[in-house]
Amino acid sequence: ENFKTNSDTEVLLNLYAKYGQDMLQYIEGMFAFAIWDNQKQEVFIARDSAGKKPFYYTEQNGKFFFSSEVKALLALEGTNASLDEKALYHFLTFNVLPAPLTMFKNIAKLDAGHCIVINSNGVAQPRKYWGVNYTDLSSKSEAELCDLVYNELERSVQDRLVSDVPVGAFLS
């Protein structure tokens, strides 16, 4: 492809133009995005497989609003900020809020590894596009398993060093 910028956003748009929603099989890393498809008259939304980038949304009066922060949605005129008691129960019991729950009744969180399509028919149910694939490694020796882990860790770190901005690391 001939790119005009060094932005990863341009890569996403080109992937979408080439593969449509199947683009998700070619992306790794942290992301949450919404792409307007003018030809199909729909919005395609996706969140990364680990859920590192947040994606919150609400529907009000036939309109769909989204943000990376709940407080932006709470600032919308007419947003009902009432407490979701089911979410509070999960938080107090398990110290976590599983998607699509948030502390607010009418605001949802898109789950990690999921996507949504919005068109003239409304908002489709979130669809899971990613899951963990398990491989039986019981026939491998301890040395082979150590090599596998080391090689995957090295590949993973190398992948994360590719960036259009400076990269930093925090170790503890």
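**Exercise 1.** Decide whether leucine 153 is buried, partly exposed or exposed.

*Solution.* Start with the cut-offs: buried means under 20% relative accessible area, exposed over 50%, and partly exposed in between (1.4 Å probe, protein chains only). Leucine 153 has a relative accessible area of 53%, so leucine 153 is exposed. Its place is in helix H4 (residues 142-160); helices are DSSP runs of H or I with at least four residues, numbered from the N terminus.

A word on the model: it is predicted, so local features need pLDDT of at least 70 and side-chain atom pairs count only at pLDDT 80 or more, while totals for chains, interfaces and linings use all residues. Residues are numbered from 1 along each chain as its sequence is written, and side-chain values use heavy atoms, leaving out hydrogens and water.

**Exercise 2.** Find which residues pair with arginine 155 in salt bridges.

*Solution.* Step one is the rule: a side-chain nitrogen of Lys or Arg lies within 4 Å of a carboxyl oxygen of Asp or Glu. Step two, go through the partners:

- Glutamate 28, at 3.7 Å, N to O. This pair links distant parts of the chain, 127 residues apart.
- Glutamate 152, with the closest N and O atoms 3.2 Å apart. Both residues lie in helix H4, about one turn apart.
- Aspartate 159, with the closest N and O atoms 2.6 Å apart.

Step three, join them up: shared partners bring Glu28, Glu152, Arg155 and Asp159 into one network.

Key. Helix = DSSP H or I, 4+ residues; strand = E, 2+ residues; numbered from the N terminus.
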